Amino acid sequence: MSCSISFDGVLPCAMRASEAAVSTATDVVSRLGADISAGLTAEEVERRRKAFGRNEFTIKEEEPLSKKYLNQFNDPLILLLLASAIISLIARQLDDAFSITVAIVIVVTVAFVQEYRSERSLEALSQLIPPKCHCVRSGIMQEMLAGDLVPGDTVNISLGDRVPADIRLTEVVDLEVDESSFTGETIPSRKSTLPQSAACKGVSQLKNIAFMGTFVCSGHGKGVVIGVGEDSEFGSVFRMMQNEESPKTPLQKSMSTLGKQLSFYSLLIIGCIMLLGWLQGRHLLAMFTIGVSLAVAAIPEGLPIVVTVTLALGVIRMAGRHAIVKRLPIVETLGCVNVVCSDKTGTLTENKMEVTRLYTASRQRASVGKTGAVDCEGCVVSPSSHPDIVKMIEVGCVCNNAQLRGGQIIGHPTEGAMLALAHKLNLFGLRDQFVRTEERTFSSEKKWMGVLVRPRSHQVTEPPSKNEDWYMKGALDVVLRHCTTISGGGLLTPSLHEHYMSVASEYGHQGLRVVAMAYGRDLNDLSFAGLMAMWDPPRENVRDAIANLHSSGVSVKMITGDAKETGEAIAEQLGLWSPDSVSLSGDDLETLPPHQLTDSIAHCSLFYRVTPKHKVTIVKSLQSLGKIVAMTGDGTNDAVALKRADIGVAMGRSGTDVCREAGDMILTDDNFSTITAAIEEGKMIYYNIRNFVRFQLSTSIAALSLITLSTMMGLPNPLNAMQILWINIIMDGPPAQSLGVEPVDEDIMKRPPRKATDRMVTLPLLFQIVTTSLTIVAGTLWVFRKEMEDKMITPRDTTMTFTCFVFFDMFNALSCRSMSKSLFSIGLFTNRMFLYAVGGSIVGQLLVIYFPPLQAVFQTEALSGGDLLFLATLASSVLVLDEFRKMFVRRFFKKTRPREHGCSAMDIVCTI
Ligand code: ATP
């Protein structure tokens, strides 16, 4: 446990949980030198941070880079290559020994850089979502990074929060914490502030401690930080977690399997080549070196790494577009999503509520103008002119937990809108005139909130019940159930009830959210005060985003806690609903017979008056139809639905820590359009990975076939070992990687979602790979035979063959940038990374041909400008042929098949 002395005085020690639990709260506060109401000062925080460090965990001790580099040699193929270099040395073939060694160093360096990049990008992912907390410092409550906490800080925790450090609780209100991550116990632990007996041990028994990493699932509390970072109980869990390898994504797994299968076949073929060479009486060491180099080149060992880097880079790019994807497999699933279920408030709309209409129980209508003036039937409302309106606003402000600070709303926007209205009418500090004695919190399930209050002026000597009133606000139908009378006198008759409902429906049709107010002594005998209607504008671009999703075959369903009319009006504005569409309420979901439920849910585009538990029903039904569902959520109770969905989308701004933890993806701007952007990226990444798989496999197969065919034809080896290794660098290195960052292609966005079970290497893809490889082999062999007309193998012959192969590969990379689109329509300069990578490889190739030290390594000689031009023209045939193939496929499918379900037959052929 950390404990240290500062220059200015003695710093208190951080405390163990067991030690703090047996002491009284006051004792712990004084031992930690804390001030529970004012918090620590900035200087004190600084002193403590120096002594205890940040509230973070240090990642595993890093292996030194040199060790990581040397580990790269620990590969059977590299070791075999080294062996052949040593044998060459012993056989006094110094040139060969030197060349092989240099080539090995280059191969190993490229592999090392690739792996290092992959590690760095994965590390960057873990830092995308820094946890926050609420802490009192220098007398002010502030939201800050949990990493900044020090022992002695005062922290507030409430429903949905992740506990940011180990905290000795000093105040609790119905506080229950989910400690299942430590104890496995799913029933929440009820917390208290009382000191515990020394016999109590372990997380589950220490009731007055809230442990870092657990979640608040009801109530709220306050306490003092006793342990941070590695000194917290979570530290030990974290250390255990570090030793667990994160599971591989399905794509990473299938790429490793593909790699293994290819390795097997390549080794088989290489074995045959070596045997054949030996039978033909070729030099054994030369055959061995060629064989091993070929194995290095043909086995796409870089494939899983390139997949990881592409996925990780995609995740980082998505973060730039406000979507934080928590796990790599999610990127793959994004391209398969065919239903998006979205909350209305805050995701499809701005969540900037503004009260625009008021209706009192006494049937007075008022509207709030743009300037903020409230007009009631031609008169401007002032605090003294319309007592019914003022009473309604009083209920709205007193039964309210939001705060208005410097024009900014802190808390629920629905409540903030009520405070803003009071502000406009100069009704400041209404809430301060009352003392709250009880609160029934708002929840999406109940749809109402109530507070029991008494005027501050009330004498303490009087019995409490005498002057206490309930103030309630909530959905109109729910509030009316608690009312028997109306404000100003009179019974709430069935016809009045119906009248108020029709007014609410009228406001709903205008897309307004309706909140009703009531007050009275008894919670079940309240007086109805009136209702407020609020406007929350749909977000810009959402309509377009929905239209884009629809056109690519993804359906969108809106889920709202609001009334039917409000939901329908907003959904209609967003192009989600028309009068002949179906909408279902939460009650419908409960009463529909099971055989109808799934079908109704599939055909419904709007769900209203739903609660979080209905979201689970919706997700399960859609999944039972084989749909891949993305579901949004912001509340603590949405966590189950988010976990259940294929992609749980949590709101980064308005969402609780619990829902952020449960989600697979977090929207940092809470905006629906961001989901569309993430789906786009997900789709693109998949197709980009397919493109570089095509590139790598065609290079591998071409290299293998070239050597096999020339051996079978009794020709000398057209490429030497170093040249084969150089080809491997191009294949596994930057040119392949840069295919993974191809920018978003509009056509791909229009394609329907992929089936999750679809294989990446399909028959059409295999066909393309084989035809490309054959073109490369035919061209290269032709050049080789042409050069060999004198029956002598010279450095010029291999240089021509080698350069021919490399040029073929560069043109092949160009055509691999898109599966179906012409290079001229995607644009030659649209992928800058690709240009750098291919440009670099060409410069590298020229150095290999013209730079004397490299000429010695690769056993090459200078070619003439005419030679290069000839080779480049020949190699471009692979691009030209592929352009024809693309054109043919595009034309053929455009003519023969109509567009179905918003996607063309061409789309289908490209996704087969
Ligand atoms: P959506 O489901 O559209 O994203 P939401 O989750 O905010 O919105 P709920 O919170 O379930 O929807 O709101 C349902 C109803 O409850 C609203 O129509 C309104 O009448 C009422 N309501 C909303 N917020 C409050 C609140 N803070 N206090 C009292 N009543 C509220």
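Reply: The axes of helix α30 and helix α35 (residues 865–875) come within 10 Å and cross at roughly 150°. Axes are lines fitted to C-alpha atoms, for helices over the stretch in contact, and angles run from 0 to 180 degrees between N-to-C directions. Helices (H or I, at least four residues) and strands (E, at least two) are DSSP runs, numbered from the N terminus. This is a predicted model, in which local features need pLDDT of at least 70 and side-chain atom pairs count only at pLDDT 80 or more, while totals for chains, interfaces and linings use all residues. Residues are numbered from 1 along each chain as its sequence is written, and side-chain values use heavy atoms, with hydrogens and water left out.

Me: Why are α30 and α35 called roughly antiparallel to each other?

Reply: Angles under 35 degrees count as roughly parallel, over 145 as roughly antiparallel, 65 to 115 as roughly perpendicular and the rest as oblique. The axes cross at roughly 150°, and α30 and α35 are therefore roughly antiparallel. The contact (heavy atoms within 4.5 Å) is made by Gly779, Trp782, Val783 and Lys786 of α30 and by Phe870, Leu871 and Leu874 of α35.

Me: What makes up the contact of α30 with α35 by class?

Reply: There are five nonpolar, one polar and one charged residues in this contact. Ala, Val, Leu, Ile, Met, Phe, Trp, Tyr, Cys and Pro count as nonpolar, Asp, Glu, Lys and Arg as charged, and the others, Gly among them, as polar.

Me: Why are α31 and α35 described as oblique?

Reply: Helix α31 (residues 795–815) packs against α35 at an angle of about 40°, with the axes 8 Å apart. By the angle ranges above, α31 and α35 are therefore oblique to each other. On the α31 side the contact includes Arg796, Met800 and Phe808, and on the α35 side Asp867 and Leu868 are among the residues. By class, the contact of α31 with α35 has eleven nonpolar, one polar and two charged residues.

Me: How do you know whether Thr775 is buried or exposed?

Reply: Buried means under 20% relative accessible area, exposed over 50%, and partly exposed in between (1.4 Å probe, protein chains only). Thr775 has a relative accessible area of 18%, so Thr775 is buried. Thr775 is found in helix α30 (residues 763–787). Leaving aside neighbours within four places in sequence, Thr775 is in contact with Phe808, Ser877, Val878 and Leu881.

Me: What makes Val848 count as buried?

Reply: Val848 has 1% relative accessibility and therefore counts as buried. This residue is found in helix α33 (residues 832–850). Beyond neighbours within four places in sequence, Val848 is in contact with residues including Trp726, Phe802 and Phe858. Val848 and Thr803 are 45 residues apart in sequence and 9.6 Å apart in space, C-alpha to C-alpha.

Me: What is noted about the phi of Asp670?

Reply: Most residues other than glycine have a negative phi. Asp670 is not a glycine, yet has a positive phi of about 55°. Asp670 lies in the loop between β27 (665–667) and α26 (672–712). With a relative accessible area of 6%, Asp670 is therefore buried. Asn541 also has a positive phi, of about 70°, although Asn541 is not a glycine.

Me: How many residues does the chain have, and what percentage of them count as buried?

Reply: Of the 912 residues of the chain, 53% count as buried. The chain has 37 helices and 27 strands.
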